[in-house]
Number of protein chains: 2
Amino acid sequence: MTLHELVAQIKKKQSFLCVGLDTDLSKIPAHLLETEDPIFEFNKAIIDATKEFCVAYKPNTAFYECYGPKGWESLKKTIDYIPKDCLTIADAKRGDIGNTSTYYAKTFFEYLNCDAVTVAPYMGEDSITPFLAFENKWVILLALTSNKGALDFQLLKDENNEELYKKVLRKSSQWGTQNNLMYVVGATRAEEIAEVRAIVPNHFFLVPGIGAQGGSLEDVVQFGWNENCGLLVNSSRGIIYASTGKDFAEKAKNEAQKIQQEMAQILLQKSFI
Amino acid sequence: MTLHELVAQIKKKQSFLCVGLDTDLSKIPAHLLETEDPIFEFNKAIIDATKEFCVAYKPNTAFYECYGPKGWESLKKTIDYIPKDCLTIADAKRGDIGNTSTYYAKTFFEYLNCDAVTVAPYMGEDSITPFLAFENKWVILLALTSNKGALDFQLLKDENNEELYKKVLRKSSQWGTQNNLMYVVGATRAEEIAEVRAIVPNHFFLVPGIGAQGGSLEDVVQFGWNENCGLLVNSSRGIIYASTGKDFAEKAKNEAQKIQQEMAQILLQKSFI
């Protein structure tokens, strides 16, 4: 999916919502556990219920690979099932030396045919550029994450009093462009989103941390908006586990719709639609 | 595997060699491609040929997951086949927020039953501690990697003129102990190994970068040795692709034995055996 196509979807669906498919067998409705592939059955119902209200889906690979080959089958079936007008993001946080990163890129961009994969920056340029070599595919690089551990290294200051995450932004934005590189920027650090936006004005952000983790949509928009919208705001638990009963898909739909309506208001206020 | 057991294996085998199973279908002997599971057949032959000379095996997950469920089956069969007296390291470079890291830990420590997994530090404490909660299992945290990209972020200096990788060492060594935490320290930066050793005197290092990447065993020992040996030196391509013909296992054996003999000399000189 190209930048142009993504922006067109945001306008069409009046939404910049990403639904996180962190599908956990211990949290999904009990009646699904009797099916042959409970993870896929759950995801299928969630996708059917929410696809009208979101522009992206983000399965987190940890929740699939812990079941071995069967989990990878559920992941592949899920990604194949996601409508082609939605951006598919493998939240995998990979990254290794060049030759190895090429194999990870093949896994996510060729075998699974995702549009995007999240990548960790610690190993530097040659761990990231192999992913950028695939046409119409996206790297979503960890910059400033939503968890407490972000404080440990990402916010360390260098000799010029600049935090590590800003160095990651400055350097990596020379390796990719706004057409193949996005950043993970946590909603829990709203004021720092403005600092990220100042360094990379044109790139999209994938923003986790709304809802369960405490971030606010208003703050994210206030500090992170750009002329392309520039935001994909993720919600996982708040949508997919809105109910643990047989009405889980309906409740997920309601939650997704609620966020979409809030986003439509914002897009109108911004004269984006 | 405990620290005590690992040290006992090093003494028994007179070796601190780790064989990297970066098994690439485009590089393995052509006659194996006709078998049902070429990756496993290759690994099986390599393990049979080298197990006498090494104390650890390190499959890199990228080379397996690019084949989807079938690749994960090859990985599981490979790990099950590795003799129990060898440390099994999943070179996976995972790391995510706490709940998600727990699922990765379950994948590698429970489903695959590896002894150790490599983890990337960028997301901080709560991305690493879930892996440390498993008894007799190891986190091998990226500190100073062997690739060129290590310069981009790992060697950035903070306001006290100290590099990021040193901060990673100082902080993370408070989260784990020498009994459950090792570090990846590349052989290509020999003099910096001494600086790593000064900060974490008691932890084991997993050292990639010998051979194809240009690092030297003598330098690694000179700068990285501790009273437990403290080193697992990895070789992948130099051993497993020593020949691409039908004699690949025999040639791999020769290469592994050559390194083991060099290591035995070192262990004797150090009066470790």
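How many of the 5 residues of strand S6 (residues 181-185) of chain B are buried? The count is 5 of the 5, so S6(B) is largely enclosed by the rest of the structure. Here, buried means that 20 or more other C-beta atoms, placed from the backbone, lie within 10 Å of the residue's own.

This is a predicted model, in which local features need pLDDT of at least 70, side-chain atom pairs count only at pLDDT 80 or more, and totals for chains, interfaces and linings use all residues. Residues are numbered from 1 along each chain as its sequence is written, while chains are lettered from A and ligands numbered from 1 in the order in which they are written.

**Confidence**
- Chain A averages a pLDDT of 96, and 100% of its residues score at least 70; pLDDT is the predictor's confidence in each residue, from 0 to 100.
- For the complex, the predictor gives an ipTM of 0.97 and a pTM of 0.98.

**Strand S6 of chain B and its neighbours**
- Helices (H or I, at least four residues) and strands (E, at least two) are DSSP runs, numbered from the N terminus.
- Leu181(B), Tyr183(B) and Val185(B) are buried on one side of S6(B), with Met182(B) and Val184(B) buried on the other, and both faces are covered.
- Strand S5 (residues 138-144) of chain B runs parallel to S6(B) and is joined to it by 5 bridges; strands pair if DSSP finds at least two bridges between them.
- Within that pairing, Ile140(B) has Met182(B) as its bridge partner.
- Strand S7 (residues 205-207) of chain B is also parallel to S6(B), with 2 bridges, and Phe205(B) in S7(B) stands opposite Tyr183(B).
- From S6(B) the chain crosses through helix H9 (residues 190-199) of chain B to S7(B) in a right-handed β-α-β crossover: with the strands pointing away from the viewer, the path from the first strand over the helix to the second runs clockwise.

**Where the chains meet**
- Chain B places 48 residues in contact with 48 residues of chain A, where contact means C-beta atoms, placed from the backbone, within 7 Å.
- Several elements of chain B each supply at least two residues of the side that touches chain A, among them helix H4 (68-81), strand S3 (87-94) and helix H8 (164-172).
- H5(B) gives the most, with 6 residues.

**Helix H2 of chain A**
- The 13 residues of helix H2 (residues 38-50) of chain A should span 18 Å at 1.5 Å a residue, and the end C-alpha atoms are 18 Å apart, which agrees.
- Buried residues in H2(A) include Phe40(A), Ile46(A) and Ala49(A).
- Their cover includes strand S1 (17-21) and helix H12 (248-269) of chain A.

Notes:
Two residues are in contact if their C-beta atoms, placed from the backbone, lie within 7 Å. A residue is buried if 20 or more other C-beta atoms lie within 10 Å of its own, exposed if 12 or fewer, and partly exposed in between; C-beta atoms are placed from the backbone. The expected span of a helix is 1.5 Å times one less than its number of residues.
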